Amino acid sequence: MPIYELTTPIAEDDVRKLRVNDLIYITGTIFTARDEAHERALEWFKANKPLPIDPTGLAVFHCGPIVRQMKEGWEMIAAGPTTSTRMEMFEDKFIEAFQVRVIIGKGGMGSKTATAMKKVGAVYGAFTGGAAVLAAKAVRRITDVAWLDLGMPEALWIMEVERFGPLIVAIDATGENLFERVQTSVEKNREKAYKLAGI
Amino acid sequence: MRASELEDVFVTLLRLAVTDLPQDVVNSLEQALKLESNSTAQSQLEAIIENIKLARQRSIPMCQDTGIQIFYLTVGSKFPLISEIPQILENAVRKGTQEIPLRPNTVNPLFHKNPGDNTGRYIPWINWKIVKGNDLQITAFPKGGGSENVCQLRMLTPGQGLKGMKQFVIDAVIETGAKACPPIIIGIGIGGGADICMKLAKEQLLRPVGQRHPDQRIADMEEELLEAINKTGIGPMGLGGDTTSLDVHIDFAMRHPASFPVGLAVQCWAARRASATITSEGRVEFTSHRVE
């Protein structure tokens with residue numbers, strides 16, 4: 001499988017050439033956002049309030065990490081992805097509002113997100129679910145945190161990463177969706193599974 | 001046996017559970033990687049195995065979702081401190097949250113507040129069994145949200161019976177897809193009632209991977225369902241492949257003539273559990289992990 005190294009801010013052309021099943025590694029700045037951070041970011045966008053970070057060309061990570069407060073700053077302990085489908089109701093608007101280039105998460109996303117990715121130029125990178133230490137290992141440092149009032153998992157953690165990955169491109173900017181492809185073949189296997197179980 | 005000693009053992013159990021997978025789970029993941037034919041699936045299993053090794057080496061949680069804290073206790077009626085165990089467990093969870101650390105995961109469902117220490121109303125949750133004897137057997141079972149969200153209950157009719165159970169399980173796994181971080185372990189509880197079958201289903205997740213039910217007929221059913229589920233091609237993380245489930249465990253209780261309840265509990269690959277036996281004199285043996 002082809003492997004790509006991306007550095008933030010990522011240019012539109014660099015994500016448009018990626019295809020489903022490619023492997024990518026990201027170096028630069030990424031930030032976490034879960035359900036509540038998505039909701040608040042979109043509220044702020046509506047109110048013309050700038051986000052705590054300029055998101056253009058960055059990667060958003062669906063993640064509620066474990067972090068430890070140090071004398072100065074924060075240490076990333078564990079940072080695996082959370083289930084992305086919960087953000088499906090926000091993500092198309094989020095991509096269009098903030099021009100982020102990579103959405104990182106697990107479990108894939110739906111057609112609304114894929115359509116926005118095609119339109120704006122963005123991809124979905126699947127990070128191995130639960131591989132939180134592998135992810136934390138790629139975090140060079142936490143540069144800032146905002147919205148801590150939402151709690152540690154829901155806050156917006158901004159971090160500098162080095163070769164964050166491997167991420168499997170699971171939705172590309174042509175709108176192709178690996179999870180849907182797998183679902184189609186799983187659907188074809190349903191009867192075989194029934195038969196093996198004696199149904 | 002002092003309360004503070006017991007608390008230390010409980011904190012150790014929490015630490016072992018979230019930082020180090022039992023060897024039966026690791027072995028089955030390594031075996032799956034050997035047999036896997038899909039290259040994307042191989043990349044996911046490799047990442048999982050690498051992650052487990054890193055977590056073990058560094059003694060930090062393998063997954064950022066360190067779960068809701070659940071304990072299974074089998075207590076001898078002569079074990080001292082029985083009535084103090086809930087308070088000691090709560091203290092241990094608070095301490096573990098700071099020291100290990102665990103992600104503060106308890107949220108008030110009505111009023112939204114997170115106390116920040118993994119405790120609160122009914123949590124940590126304790127499953128009690130009181131037996132004759134002097135010892136305490138305890139398992140820490142931190143349960144992550146991703147796999148908990150896809151657990152299901154189905155009240156089948158007796159006419160639908162076992163075939164209906166199998167179809168329910170296969171359909172539920174297909175519907176679940178990538179959500180529960182496959183490869184998953186599946187626990188199935190049949191009979192009893194709505195709550196009883198769910199409880200049985202979840203208890204099956206404590207059984208080591210590869211350990212079959214002692215009743216051969218049920219053991220055969222477990223193997224049959226495992227093969228069927230792995231035929232779906234969902235694969236690790238739902239990205240396609242041969243490895244969707246590491247094991248299927250089934251148990252049952254007697255049912256009402258009119259009911260056929262089936263509970264389905266799902267566990268992600270990070271099948272975290274840690275067990276110990278503590279005698280009334282305070283001797284401790286860790287039974288799920290090798291402890292120096």
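Predicted model: local features only at pLDDT ≥ 70, side-chain atom pairs only at ≥ 80, totals over all residues.
Reader: Let's do sheets, then. In what order do the strands of the 5-strand open sheet in chain B come?

Author: General idea to begin with: strands of a sheet pair through backbone hydrogen bonds, either parallel or antiparallel. Here, strands are DSSP runs of E with at least two residues, helices are runs of H or I with at least four, and both are numbered from the N terminus. Two strands pair if DSSP finds at least two bridges between them. The sheet of 5 strands in chain B is open, has mixed pairing and reads 2-1-3-8-9.

Reader: Which strands of chain B stand at its edges?

Author: Strand 2 (125–131) and strand 9 (284–286) do; each has a single partner strand, so one side of each is left without a neighbour in the sheet. On average, neighbouring strands of this sheet are turned by 15 degrees against each other, direction ignored. Those angles use axes, which are lines fitted to C-alpha atoms (for helices over the stretch in contact), and angles run from 0 to 180 degrees between N-to-C directions.

Reader: How do I walk through the pairings?

Author: Take them in sheet order. Strands 1 and 2 of chain B run parallel and are joined by 7 bridges; B:Gly76, for instance, has B:Val131 in strand 2 as its bridge partner. Strand 1 (residues 68–76) pairs with strand 3 of chain B in the antiparallel sense over 8 bridges, with B:Leu73 opposite B:Ile138. On to strand 8 (residues 274–278) of chain B: its pairing with strand 3 is antiparallel too, over 5 bridges, and B:Thr139 stands opposite B:Ser275.

Reader: Is strand 3 of chain B mostly covered or mostly open?

Author: Count C-beta atoms, placed from the backbone: a residue is buried if 20 or more others lie within 10 Å of its own, exposed if 12 or fewer, and partly exposed in between. Strand 3 (residues 136–143) of chain B is mostly covered, with 7 of its 8 residues buried.

Reader: What domains does chain B have?

Author: Domain bounds come from an automatic or database domain assignment. For chain B that gives domain 1 (3–20 + 60–144 + 272–286) and domain 2 (146–267). Their C-alpha centres lie 26 Å apart. The contact between them takes 7 residues from domain 1 and 4 residues from domain 2, where two residues are in contact if their C-beta atoms, placed from the backbone, lie within 7 Å. Strand 3 of chain B gives the largest share of the domain 1 side, 3 residues.

Reader: And the other sheet in chain B: what is its strand order?

Author: That open sheet has 4 strands in the order 4-7-5-6, again with mixed pairing. Strand 4 (152–156) and strand 6 (245–252) of chain B are at the edges with a single partner strand each, so one side of each is left without a neighbour in the sheet. Strand 5 (residues 184–190) and strand 7 (residues 260–267) of chain B run antiparallel, joined by 6 bridges.

Reader: How many residues of chain B are in contact with chain A?

Author: A general note: the size of an interface is often given as the accessible area lost when the parts come together. Here we have residue contacts: 47 residues of chain B against 46 residues of chain A. Helix 3 (39–58), helix 6 (161–176) and helix 8 (216–230) of chain B each supply at least two residues of that chain B side. Helix 3 of chain B gives the largest share, 11 residues.

Reader: Last one: which residues are buried in helix 3 of chain A?

Author: An α-helix has 3.6 residues a turn, so residues three or four places apart point the same way. In helix 3 (residues 88–98) of chain A, the buried ones are A:Glu91, A:Asp92, A:Phe94, A:Ile95 and A:Phe98. Down the axis of helix 3 of chain A they fall within an arc of 165 degrees, so they line one face of the helix; the arc is that of the directions from the helix axis to the C-beta atoms. They pack against helix 2 (35–46), strand 6 (102–105) and helix 4 (111–120) of chain A.

Notes. Residues numbered from 1 in each chain as written. Chains lettered and ligands numbered in written order.
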